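Subject: The structure we talked about, with notes

Dear colleague,

I am passing on the structure to you here, and below it you will find what turned up when I went through it. Please keep the structure open while you read, so that you can look up each place as it is named.

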Amino acid sequence: MNNPAKLIDHTLLKPTASRTDIEKLCTEARRYGFCSVCVNPCWVTFAKQCLQGSGVKVCTVIGFALGATTSATKAFEAQEAVKNGADELDMVINLGALKSQEYQTVLSDIQAVRRACPGKILKVIIETSQLTEAEKVKACELAAQAGADFVKTSTGFNGGGATPADVALMRASIPDTMQVKASGGIRTRADFDVMTSAGATRIGASAGVKILEGT
């Protein structure tokens, strides 16, 4: 990888993140040329302003971090995010519906968000630490059926984060036209390399600067 920064969503999703923290995140993203910053919805407009002219995209989260809001709520969140300037959206699936084998509910949930953000990159967070192997595969299949662009391992707020095995399984469970984002617990260049070798083409990390600098 010639420029690993282009695979990193420089992330700050802590609920206590201040305006100063978000400004610092954006300044770092400009300096290092990260693919995007990933921020909570309330910061999308500010991040867009901070990054104007930089080429760095703004990513936000939908139904975060539990995935347990209604489809209509997620769709409204997505519409708001796009209106405020979001380029990419990372949504959490309805985990309870998946566990209940209510697959049409899961599919419809993703489709509602997909319709709400036409032309934007949609990543579907399946929260691998909470799923069986069969559930992971099914979640990937439903995300593909709904027209998502990526499947993503984790929120980082609910159990474990990304593992190489999960990334490889997800890569094998989606069409070639889709991609995998690994997120949660990726803090070093070694972690980055392991995840990209397993098939991840995007990395969500709050430690992006440390990954690049090897510190």
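A residue is called buried when its relative accessible area is under 20%, exposed when that value is over 50%, and partly exposed in between. Phe46 shows how the rule is applied: its relative accessibility is 13%, so Phe46 counts as buried. Please bear in mind throughout that this is a predicted model.

The protein as a whole

The protein has 215 residues, and because a compact globule with that number would have a radius of gyration near 17 Å, the value of 16 Å for the protein agrees with such a globule. Along the principal axes, the C-alpha trace spans about 45 × 35 × 30 Å, and the secondary structure comes to nine helices and eight strands. Of the 215 residues, 52% are buried, while the accessible surface comes to about 9300 Å², with 51% of that area belonging to carbon and sulfur atoms. If you take the contacts between residues at least 6 apart in sequence, you will find that 65% of them join residues at least 24 apart.

The largest pocket

Rolling a probe the size of a water molecule over the atoms shows where empty space is left. In this protein the largest pocket holds about 730 Å³ of space. Its lining is made up of 29 residues, and those closest to the centre of the pocket are Thr11, Lys14, Ala205, Ser206 and Ala207. Two or more lining residues come from each of the elements β1 (8-12), α1 (19-32), β7 (179-183), β8 (202-205) and α9 (208-213). Helix α1 gives the most to this lining, with four residues. Sorted by kind, the lining of the largest pocket has eight nonpolar, 13 polar and eight charged residues.

In the loop between β3 (57-62) and α3 (71-84) you will find Ala65, which is joined to Phe64 by a cis peptide bond with an omega of about 5°.

Gln101 sits in the loop between α4 (95-99) and α5 (103-116), whereas Glu127 sits in the loop between β5 (121-125) and α6 (133-145). Are these two residues buried or exposed? Gln101 has a relative accessible area of 59%, so it is exposed, but the relative accessible area of Glu127 is 0%, and Glu127 is therefore buried.

Leaving aside neighbours within four places in sequence, Phe46 is in contact with Arg19, Ile22 and Glu23. Between the C-alpha atoms of Phe46 and Ala144, which are 98 residues apart along the chain, there is a separation of 32 Å.

Lys74 is placed in helix α3, and because its relative accessibility is 0%, Lys74 counts as buried. Which residues is Lys74 in contact with, once its neighbours within four places in sequence are left aside? They are Ile62, Gly63, Gly67, Thr69, Met91, Val92, Ile93, Asn94, Asp109 and Val113. From Lys74 to Asp193 there are 119 residues in sequence and 33 Å in space, taken from C-alpha to C-alpha.

Lys152 lies in strand β6 (residues 150-152), and at 2% relative accessibility this residue too counts as buried. With neighbours within four places in sequence again left aside, its contacts are Asp90, Val124, Ile125, Ile126, Glu127, Met170, Lys181 and Ser183.

Ala165, finally, is in helix α7 (residues 164-172), and since its relative accessibility is 57%, Ala165 counts as exposed. Ala165 and Thr16 are 149 residues apart in sequence, and their C-alpha atoms are 32 Å apart in space.

With best wishes

Key:
Residues are numbered from 1 along each chain as its sequence is written. This is a predicted model: local features need pLDDT of at least 70, side-chain atom pairs count only at pLDDT 80 or more; totals for chains, interfaces and linings use all residues. Side-chain values use heavy atoms; hydrogens and water are left out. On a 1 Å grid over the protein atoms alone, a cavity is a set of points where a 1.4 Å probe fits but cannot get out, and a pocket is an open set with protein on both sides within 12 Å along at least five of seven lines; lining residues have an atom within 4 Å of a point. Grid points are joined across faces, edges and corners, and a volume is the space filled by probe spheres set on the points. Ala, Val, Leu, Ile, Met, Phe, Trp, Tyr, Cys and Pro count as nonpolar, Asp, Glu, Lys and Arg as charged, and the others, Gly among them, as polar. The radius of gyration is taken over C-alpha atoms; the globule rule is 2.2 Å times the number of residues to the power 0.38. Buried means under 20% relative accessible area, exposed over 50%, partly exposed in between (1.4 Å probe, protein chains only). Contact means heavy atoms within 4.5 Å. Accessible areas come from the Shrake-Rupley method with a 1.4 Å probe; for residues, only the protein chains shown count as cover.
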